[in-house]
Amino acid sequence: MKKILLTIDGSNASLDAARFLVRLGFRQAVEIDVVTVIFEPPSQKGFLVDGWSKGWLKRKREQATRTFEEVRAIFRDSDAELCHLIRNGHPGETIVKLANEIQPDLVVVGAKGHSAVARILLGSTSDYVATHVLGSVLVVRPNEDSGRRRHLRVAIGCEPSPPAEMAFEEFTQLGWSIDNDVQVLSVTDRSSVDDSSIDEAAKEYLERIKDRLVEETRSARARVIHSDHIGDGLVDYIESNQVDLIVVGETSRGGFERLLLGSTTRFVLRHAPSSVLIARGQSMDDVQTEQMVHQTAST
């Protein structure tokens, strides 16, 4: 059974993330841990003397329970088993810590930024979670157009590399290809237009990938994009074709490396108007091994 960690804070963005997850569909029963993190500002803790802070925390927990019932209603017709977890602490740090403890197959978080400027701002909870969680993360962005479409439009960034292959395999294992329109994309340098062998090799590779999708998706297409920058090529295509979800692969890296900007994955996460699935393809054993390496390095 697949295990998913869904973050909910009562905002429209987090509830949109739950609705988007349901629309993607499930091939099999899934277990979803719905986590609400209550953040109490340090300045507020001084009110403990008169009980004001205790009452505030009680109201927040009651609100979290009501929000969980909204989420339960969203998943009413799905094969999902839901469990509600309430934690206190900094939202981003608490979610990452919990994810590394329970080791879900996927962490889902809603992003509140609509505009291009909001998407590239640093410091948001969704950005922190996507950067620091060791496993795969789905960042859901609000998209009114996708809500009006019967079938979601999904694009998978593909190339002959382990991260891209891992992203494709993870997407198919989640069973999201069945009811959605899926496109496999490959970006080649604009200069390769003059080199037919490069272009043909990319097309042949994508056709093989597409053939693997044919039997388990509503529709499958392949497209080679020419661009001077892979990230730019993917983002431009997403915007022009109203893609609802882009899937990109990323190899697991250490903490310092994950903080570095400039990778294709980070570029797409910051600039794409669509939701983004960062597929890291780590098994539980992989996560445990990496955690042990980090602990050993810090001692």
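Good morning; I shall describe the sheet of this predicted model and the packing of helix H7 on that sheet and on helix H8.

Let me begin with the sheet. Ten strands make up an open sheet with mixed pairing. Reading across, their order is S3-S2-S1-S4-S5-S10-S9-S6-S7-S8. At the edges lie strand S3, residues 80–88, and strand S8, residues 219–226, each of which pairs on one side only. On average, and ignoring direction, neighbouring strands of this sheet are turned by 20° against each other.

Strand S6, residues 153–157, runs parallel to strand S7, residues 181–188, and five bridges join them. Within that pairing, Val-154 has Val-182 of S7 as its bridge partner.

Helix H7 packs on the sheet, where H7 touches S6 and S7 as well as strand S1 (2–7), strand S9 (245–249) and strand S10 (275–279). The direction of H7 makes about 130° with that of S9.

I turn now to the helix pair. How do the axes of H7 and H8 cross? Helix H7 spans residues 162–174 and helix H8 residues 196–213; their axes come within 12 Å and cross at roughly 15°. Because angles under 35 degrees count as roughly parallel, H7 is described as roughly parallel to H8. The crossing of H7 past H8 is right-handed.

Which residues form this contact? From H7 come Glu-165, Phe-168, Glu-169 and Thr-172, which meet Tyr-205, Ile-209, Arg-212 and Leu-213 of H8. Sorted by class, the contact comprises four nonpolar residues, three charged residues and one polar residue.

Thank you.

Conventions
Residues are numbered from 1 along each chain as its sequence is written. This is a predicted model: local features need pLDDT of at least 70, side-chain atom pairs count only at pLDDT 80 or more; totals for chains, interfaces and linings use all residues. Side-chain values use heavy atoms; hydrogens and water are left out. Axes are lines fitted to C-alpha atoms, for helices over the stretch in contact, and angles run from 0 to 180 degrees between N-to-C directions. Helices (H or I, at least four residues) and strands (E, at least two) are DSSP runs, numbered from the N terminus. Angles under 35 degrees count as roughly parallel, over 145 as roughly antiparallel, 65 to 115 as roughly perpendicular and the rest as oblique. A crossing is left-handed if the near helix is turned anticlockwise from the far one by less than a right angle, and right-handed if clockwise. Contact means heavy atoms within 4.5 Å. Ala, Val, Leu, Ile, Met, Phe, Trp, Tyr, Cys and Pro count as nonpolar, Asp, Glu, Lys and Arg as charged, and the others, Gly among them, as polar. Two strands pair if DSSP finds at least two bridges between them.
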